[in-house]
Amino acid sequence: MTFKTMLTIVDVRQSDEDLNTAIELCSEINAQLSVVVMTIATLPPLGDYPIGTADAWVKDRHHDLEAISKRVDAVETMVKNAGISATVVDEYPEPARISQVIGRHARYTDATIIGSGLLRNDLLITTVVDGALFESGRPILITPHGSKPTLRPKCVLLAWDSGVECVRAAREALDIMVSAKEVHVTLIDPDTSSIVNGPEPGADIAAYLAHHGVKITVDRLPSGGKAIADVLKQHATDISAGLIVMGAYGHSRMRERIFGGVTRSMIDEPQLPVLMAR
């Protein structure tokens, strides 16, 4: 699909790094930028708390709302100076509502940018990613620190296992792959006996993408006992990929959080931009 609107989340306490990345991406493709400025609401005191606790909560809340207002003004100035089309809104959700709030905003954009500042934000990253992926039906674009994110990469690695999540990711990134000079459909330890993969794993998706004009190479790689995420990252480096496209959470979120998984590794330790969809 064509990306015409992008969402970024700005915590009042983080730097402008993520916002600058989002501005650069939107400038590159002439897209609208939606910015949500937020911080987590302090919960009101409950039960038998010492006298004055409620007053302290009111003061904290007032301070938070004031900080949000100032940050909104600063963000509006930045996007105006950048000369891009943008909307800036503020949110002050309680912890239990963060995913729903993010999902509601993400639903009406083409992708949510997960920048390096947000990746380092232990209080927000998990709930923001959950909201963007599970509450919106839209992809996320992870942009780690030190990377050069672009939606016009010359080389793309499409991580493939024939799952529905991979199909969705490929469809979301179709325009990106069409404009790329080369796309590597990459399978790790493909099962040739599986009815899902067929007798020649990767051939079906390669044919589909070729019909759309994508310049395809199919890479079938052994894991050699290494984690799949590590093999994908290394292969992306070897082929000088500018973007990894992959499905997210082929297993349940709880299972991946407990035992680890490809999605979790790509979020926790990304080395280059990753477009994920579910």
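Me: What is the volume of the second largest pocket, and what makes such a space a pocket?

Reply: In this predicted model, the second largest pocket has a volume of about 160 Å³, which is the space filled by probe spheres set on grid points joined across faces, edges and corners. It is called a pocket because its points, on a 1 Å grid over the protein atoms alone where a 1.4 Å probe fits, form an open set with protein on both sides within 12 Å along at least five of seven lines.

Me: Why are strands β4 and β5 called paired?

Reply: Strand β4 (residues 111–115) and strand β5 (residues 140–143) run parallel and are joined by 4 bridges, and DSSP needs at least two bridges between strands, so they count as paired. Within this pair, Ile113 stands opposite Leu141 in β5. Both strands belong to an open, mixed sheet of 10 strands, in the order β3-β2-β1-β4-β5-β10-β9-β6-β7-β8, whose edge strands are β3 (86–91) and β8 (216–221), each pairing on one side only.

Me: What makes the contact between Arg120 and Glu17 a salt bridge?

Reply: Their side chains meet at 3.3 Å, N to O, and a salt bridge asks for a side-chain nitrogen of Lys or Arg within 4 Å of a carboxyl oxygen of Asp or Glu, so the pair qualifies. This pair links distant parts of the chain, 103 residues apart, with Arg120 in the loop between α4 (116–119) and α5 (125–134) and Glu17 in helix α1 (residues 17–29).

Conventions. Residues are numbered from 1 along each chain as its sequence is written. This is a predicted model: local features need pLDDT of at least 70, side-chain atom pairs count only at pLDDT 80 or more; totals for chains, interfaces and linings use all residues. Side-chain values use heavy atoms; hydrogens and water are left out. On a 1 Å grid over the protein atoms alone, a cavity is a set of points where a 1.4 Å probe fits but cannot get out, and a pocket is an open set with protein on both sides within 12 Å along at least five of seven lines; lining residues have an atom within 4 Å of a point.
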